[in-house]
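Please open the model in your viewer, show it as a cartoon, and keep the selection panel at hand. The stops below go from the whole chain to single residues.

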Amino acid sequence: MTSPAIVILGASALALARRVQARYPGSQVHGLAERVEADVRYTELGVHLRELYARGTPIVALCAAGIVIRCVAPLLANKGVEPPVLALAEDGSAVVPLLGGLAGVNAMAREIATMLDIAPAITTSGELRFGTCVLNPPHGYALADLAQGKRFVSDLLAGEATRIEGNASWLDDASLPRAQSARLAIRVTPFITVGGPDDLLIHPRSVVAAVGTASDVAAGATIAEHIVSALEAHKLARSSLAMLLAPLDRIGDAAFADAARTLDVPLRFAEPGTSGSTDESEEIHHRLLATALHVPHDVLHHSGSPIALAVAAAPVDTAHIGQARGRLTVIGIGPGCAELMVPAARDALAEATDILGYATYVKMAGPFRDDQQVHRSDNREELQRARHAFELASAGRAAVVVSSGDPGVFAMAAAVLEALETSGNPRWAAVELNIVPGVSAAMATAAQAGAPLGHDFCMLSLSDNLKPWSIIEARLRHAAEADLVMAFYNPTSHARPWQLDRALDIVRAYRAPATRVVLGRDIGRPGGALTTTTLGKLRASDVDMRTMVIVGSSTTRGFARDGEREWVYTPRWYGQP
Ligand code: SAH
């Protein structure tokens with residue numbers, strides 16, 4: 001299940017919200033921006049709740065049930081997604097499941113109630129009578145048909161009894177009216193059975209589809225189509241399919257990824273192992289199952305088919321069969337505050353098993369869950385960190401490398417690509433690599449000042465750690481001569497004491513003393529400060545390594561009205577307005 005959003009309106013609910021958060025790994029506390037510092041900040045409750053609801057995110061709202069109902073009401077007519085929605089009293093005295101009966105809202109209400117030592121306000125009649133929601137089987141099982149399920153429950157509520165066929169151990173403690181001779185039956189089976197029309201059919205996710213090589217798959221049909229027809233041929237339900245298993249050397253093959261996406265199941269890979277015989281039954285898909293599936297199972301296979309289906313006795317634990325295709329995502333956290341981190345970066349962090357980066361940035365990207373591994377390193381160990389990330393990802397982990405600002409601007413993305421290009425390791429090449437952009441320091445600083453980057457500009461790093469100083473000087477001369485606005489990253493440091501003065505001398509040879517300069521220090525971070533000055537007044541001592549320096553062009557201007565703040569901008573025209 002997706003982790004819930006724990007939504008609060010003010011600081012008084014924060015402590016309880018954190019307790020709920022601890023119960024649900026991966027969950028985040030969402031707080032009203034003007035009132036409370038939370039993991040995610042929103043500005044309008046109604047808009048935010050509707051957005052979460054529409055995305056199918058479970059919601060635990062620490063506010064009045066009425067408020068929550070009114071907020072999501074406009075979306076209720078559409079029966080598409082219905083995530084669990086609960087209202088929790090801010091003092092922890094009541095928990096009310098509101099929506100999402102089939103998505104486990106009552107189970108969540110019970111979990112939260114147990115934690116708080118209160119009674120959940122459960123109102124679902126089937127649930128009250130039988131002590132469980134028969135239509136909401138546990139993880140690893142799927143209800144075959146909801147409409148039929150609802151009829152089944154109303155029959156039970158009307159007084160009928162049921163048999164249970166197959167293993168439904170989660171119903172052992174339920175107070176269901178049972179009788180061996182009952183007309184109704186709950187059937188737990190991966191097969192599309194010929195049971196009665198009124199039976200409640202529940203499919204365990206116990207089928208593993210092993211696929212040989214993509215080229216084994218006959219032309220004209222996709223892997224997914226082959227799997228669906230193999231399932232049909234053996235009268236197996238589609239929702240019994242737990243996962244696809246493919247040979248490890250096909251880990252980067254898009255055809256397998258497409259199939260898994262189409263069938264909406266995990267895709268994992270294993271070494272097929274070697275077979276002693278040349279027997280036809282020792283094809284790759286059989287050998288895959290033999291090496292990777294460590295629970296007793298039957299193999300169903302039509303000769304000549306590129307697919308073998310293994311049926312286990314119970315739902316299979318997909319996380320322990322073979323390995324996933326690893327992922328490496330390079331993200332930028334933005335200048336430092338939560339609002340300026342893009343949602344794709346946040347999603348990558350939520351899905352990460354491992355987070356790597358310079359300790360300061362990793363700290364800004366957190367907090368992390370207990371099940372996430374954090375690998376902090378020194379700022380200079382970029383290539384080593386990139387290699388470590390590939391090692392983790394190629395072993396099937398989801399690694400996220402954290403940069404400040406944008407990862408492609410004087411940061412980790414280039415180091416990661418360099419590590420990949422120079423390695424020649426095919427397993428690294430098979431990793432799913434993504435780079436998520438971020439708000440770079442120049443953009444964040446410019447936005448606070450107004451629009452100094454409104455016309456042509458360049459970004460330069462003044463650090464001569466990785467390039468000769470002569471190159472920096474040459475570029476400064478050219479940029480100054482071209483009348484580009486310049487954004488200086490890494491303007492100075494203790495180890496580079498004279499360079500900034502030298503750089504400013506070069507720029508002053510081409511630009512007037514009245515040229516606008518914007519200094520952004522720790523923008524988006526606590527204690528952040530924005531200063532506007534001129535090239536003539538600027539001193540190197542006004543700048544440190546946490547400062548972004550933007551030097552305007554000849555057209556960059558500033559104005560203030562009636563003693564209010566100054567805005568700095570570079571008009572979009574040049575020469576003639
Ligand atoms: N990838 C980062 C830049 C890394 S280089 C980005 O896109 O922003 C580090 C330099 O960026 C620092 O020396 C400083 O000049 C600038 N910088 C980074 N974060 C900043 C912030 N929050 N405020 C001002 N300058 C910042």
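Among contacts in the protein between residues at least 6 apart in sequence, 61% join residues at least 24 apart, where a contact means heavy atoms within 4.5 Å. This is a predicted model, in which local features need pLDDT of at least 70 and side-chain atom pairs count only at pLDDT 80 or more, while totals for chains, interfaces and linings use all residues. Residues are numbered from 1 along each chain as its sequence is written, and side-chain values use heavy atoms, with hydrogens and water left out.

**The whole protein**

With everything selected, the C-alpha atoms fill a box of roughly 95 × 65 × 45 Å along the principal axes. Of the 577 residues, 47% count as buried; buried stands for under 20% relative accessible area, exposed for over 50%, and partly exposed for what lies in between, with a 1.4 Å probe and protein chains only.

Next, colour by domain: 5-123 is domain 1, 141-204 domain 2, 207-323 domain 3, 326-439 domain 4 and 442-569 domain 5, with bounds that come from an automatic or database domain assignment. Between the centres of domain 2 and domain 4, taken over C-alpha atoms, there are 47 Å.

Select residues 223-233, which form helix 7, and show the side chains of its buried residues, Ile223, Ala224, His226, Ile227, Val228, Ala230 and Leu231. Their cover includes strand 11 (207-211), strand 12 (241-247), helix 8 (254-263) and strand 15 (307-312). Just after helix 7 comes Lys235, with a positive phi of about 55 degrees.

Move on to the loop between helix 8 and strand 13 (267-270), where Asp264 is found. Asp264 is not a glycine, yet has a positive phi of about 60 degrees. Most residues other than glycine have a negative phi, and most peptide bonds are trans. Asp264 is exposed, with a relative accessible area of 69%.

**The second largest pocket**

Now centre on Tyr361, Asn379, Glu382, Phe410 and Asn490, which lie nearest the centre of the second largest pocket among its 49 lining residues. On a 1 Å grid over the protein atoms alone, a pocket is an open set of points with protein on both sides within 12 Å along at least five of seven lines, a cavity is a set where a 1.4 Å probe fits but cannot get out, and lining residues have an atom within 4 Å of a point. The volume of this pocket is about 1600 Å³, counted as the space filled by probe spheres set on grid points that are joined across faces, edges and corners. Several elements each supply at least two lining residues, including helix 11 (359-365), helix 12 (382-394), strand 20 (398-403) and helix 15 (441-449), and the largest share, four residues, comes from helix 13.

In the loop between helix 11 and strand 19 (373-377), select Pro367. A cis peptide bond joins Gly366 and Pro367, with omega about 5 degrees.

Which residues of helix 16 are buried? Select Trp469, Ile472, Glu473, Leu476, Ala479 and Ala480. They lie on the same side of helix 16, because they cover an arc of only 135 degrees around the axis, the arc being that of the directions from the helix axis to the C-beta atoms. His478 and Glu481, on the other side of helix 16, are exposed. The buried residues pack against strand 23 (457-461), strand 24 (485-489) and helix 17 (499-508).

The structure holds one cavity of 30 Å³ or more. To find the largest cavity, select its lining residues Leu460, Ser461, Leu462, Lys467, Ile472, Arg475 and Leu476. Strand 23 and helix 16 are the elements that give two or more residues to this lining, and the largest share, three residues, comes from helix 16.

Finish in the loop between helix 16 and strand 24, at Asp483. Phi of Asp483 is near 55 degrees, a positive value in a residue other than glycine. Buried or exposed, where does Asp483 fall? Asp483 is buried, with a relative accessible area of 14%.
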